[in-house]
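Trainee: I am new to this structure and would like to go through it with you. Could you show it to me before I start asking?

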Amino acid sequence: MVRATIHYVTNPPGPGEPMLTYVTEDEARSTMCVEPGVDVEISDVRGANPTLRREGFQLVDHTSAVPDLEALEGDADLDRVYGREMRSLLRDVTGAEAVYLLGGPKRRYGESATAKLEHLSNAKPARYVHGDVTETSALRQATGLASMVPRLHLREYDRWVLYNMWRPITPPPHDHPLAVCDARTIAPRHRVPVLAITEIRGFGHFEFETNGHVADPHHRWCWFRDMTPDEVLVFTTFDSDPTRPHQVAHTAFTDPGCPPGTPTRASVELRALALWT
């Protein structure tokens with residue numbers, strides 16, 4: 001277990017007030033406030049075997065055939081190899097009948113990796129507690145994908161889920177690990193819609209709804225200490241079945257036990273839509 005600071009939304013809007021904004025490339029322009037941070041206990045759940053069905057997240061062993069994971073998001077051939085691997089992994093882990101990728105792999109680096117960040121957009125780790133989509137943007141994302149895939153009709157499926165598959169691509173220790181919150185400890189009243197405003201390479205300006213969160217002492221924060229590039233953390237970002245974990249809030253945090261001078265953490269994530277009849 002480690003005690004660390006995480007950042008929740010501190011200025012949720014009142015009734016009739018505009019949605020908060022988060023500008024990824026210029027955070028000073030954001031209307032969302034997340035200071036001061038909150039000190040919380042983050043439990044190392046390695047060995048406790050959390051599951052997608054129970055907590056909403058699961059650690060999976062996986063060695064990629066991609067020889068250099070830092071080449072992803074820059075080499076289309078390697079992106080396709082990695083995408084096939086992650087589709088197969090998600091089908092195996094979830095038992096989904098169909099899996100479709102939502103874009104390609106996305107690399108992220110800690111703020112000190114200025115040379116690598118210079119050539120990427122929206123590539124810094126998010127330092128506030130968030131969910132990747134709201135109910136509105138999740139449906140928009142799923143229906144948008146379905147409109148581009150022949151013979152894919154959401155209405156023909158009983159359940160669909162959006163997942164994030166996150167992997168460190170640098171060895172441990174990590175200065176900014178990823179913490180995930182047990183979905184059973186998050187209530188709808190904790191979520192605060194936030195409009196993320198960002199730049200996407202190849203697309204330009206892009207806006208989409210995410211969920212920020214307000215603090216609550218019942219939140220159970222977890223991490224997997226010393227994840228390796230041969231491990232993938234799969235977590236739910238939206239589940240259409242209300243009886244299952246709805247969404248896993250997550251955030252990067254600074255590990256106070258990481259030795260000074262450790263090279264900053266790099267990671268790659270890939271998001272996907274899984275479906276069941």
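Trainee: Which backbone atom lies 2.8 Å from a polar atom of the side chain of Glu-55?
Mentor: That is the backbone nitrogen of Thr-51. Please keep in mind that this is a predicted model.

Trainee: What does the side chain of Glu-55 do with the side chain of Arg-54?
Mentor: The two side chains make a polar contact, at 2.9 Å.

Trainee: Where does Glu-55 lie, and is Glu-55 buried or exposed?
Mentor: Glu-55 is in the loop between β3 (38-44) and β4 (57-61). Its relative accessible area is 5%, and the cut-off for buried is under 20%, so Glu-55 counts as buried.

Trainee: Which residues is Glu-55 in contact with, leaving aside neighbours within four places in sequence?
Mentor: They are Pro-50, Cys-181, Asp-182, Ala-183, Arg-184, Arg-220, Pro-245 and Val-248.

Trainee: Let us change topic to the aromatic rings. How many aromatic pairs does the structure hold?
Mentor: There are 6 aromatic pairs. In one of them, the rings of Trp-160 and Phe-238 have centres 5.2 Å apart and planes at 35°, so this pair is tilted.

Trainee: Where in the chain are Trp-160 and Phe-238?
Mentor: Trp-160 belongs to strand β8 (residues 159-168) and Phe-238 to strand β13 (residues 231-239).

Trainee: What sits over the ring of Trp-276?
Mentor: The charged end of Arg-159 does, at 4.2 Å from the centre of the ring. The side chain of Arg-159 also makes a polar contact with the side chain of Asp-239, at 2.8 Å.

Trainee: And Asp-239, is it buried or exposed?
Mentor: Asp-239 counts as buried, at 4% relative accessibility. Asp-239 is placed in strand β13. Not counting residues up to four places away in sequence, Asp-239 touches Arg-159, Trp-160, Val-161, Arg-244, Pro-245 and His-246.

Trainee: Now the helix α1. What span should its 19 residues have?
Mentor: Helix α1 (residues 76-94) should span 27 Å at 1.5 Å a residue. The end C-alpha atoms of α1 are 27 Å apart, which agrees.

Trainee: Which residues in α1 are buried, and what covers them?
Mentor: The buried residues of α1 are Leu-78, Asp-79, Tyr-82, Gly-83, Glu-85, Met-86, Leu-89, Leu-90 and Thr-94. Their cover includes β4, β5 (98-101), β8, β13 and β15 (266-276).

Trainee: Which members of the largest nonpolar core touch the most other members?
Mentor: In that core of 29 residues, they are Tyr-82, Leu-90, Tyr-163, Met-165 and Val-234. The elements giving two or more residues to this core are α1, β8, β13 and β15. The largest share, 6 residues, comes from β15. Apart from this core lies another of 15 residues, among them Val-133, Ala-146, Trp-160 and Leu-273.

Trainee: Which residues is Val-234 in contact with?
Mentor: Leaving aside neighbours within four places in sequence, the contacts of Val-234 include Leu-52, Gly-56, Phe-57, Leu-89, Leu-90, Tyr-163 and Met-165.

Trainee: One more topic: Lys-106. What does its side chain reach?
Mentor: The side chain of Lys-106 reaches the backbone oxygen of Ser-121 at 2.4 Å. Lys-106 is in strand β6 (residues 106-109), and Lys-106 is buried, with a relative accessible area of 16%.

Trainee: What else does Lys-106 touch?
Mentor: Not counting residues up to four places away in sequence, Lys-106 touches residues including Glu-73, Asn-122, Ala-123, Ser-267, Val-268 and Glu-269.

Trainee: Last, where does Leu-117 lie, and what does Leu-117 touch?
Mentor: Leu-117 lies in helix α2 (residues 114-117) and counts as buried at 15% relative accessibility. Not counting residues up to four places away in sequence, Leu-117 touches Tyr-109, Gly-110, Glu-111, Ala-123 and Lys-124.

Notes: Residues are numbered from 1 along each chain as its sequence is written. This is a predicted model: local features need pLDDT of at least 70, side-chain atom pairs count only at pLDDT 80 or more; totals for chains, interfaces and linings use all residues. Side-chain values use heavy atoms; hydrogens and water are left out. Rings of Phe, Tyr and Trp (its six-membered ring) pair if their centres lie within 6.5 Å; planes under 30 degrees apart count as stacked, over 60 as edge-to-face and the rest as tilted. Helices (H or I, at least four residues) and strands (E, at least two) are DSSP runs, numbered from the N terminus. A charge sits over a ring if NZ of Lys or CZ of Arg is within 6 Å of the ring centre and within 35 degrees of the ring normal. Buried means under 20% relative accessible area, exposed over 50%, partly exposed in between (1.4 Å probe, protein chains only). Contact means heavy atoms within 4.5 Å. A polar contact is a pair of N or O atoms within 3.5 Å; within protein, one must be able to donate a hydrogen and the other to accept it, and residues adjacent in sequence count only if both atoms are side-chain atoms. The expected span of a helix is 1.5 Å times one less than its number of residues. A nonpolar core is a set of buried Ala, Val, Leu, Ile, Met, Phe, Trp, Tyr and Cys residues joined through side-chain atoms within 4.5 Å.
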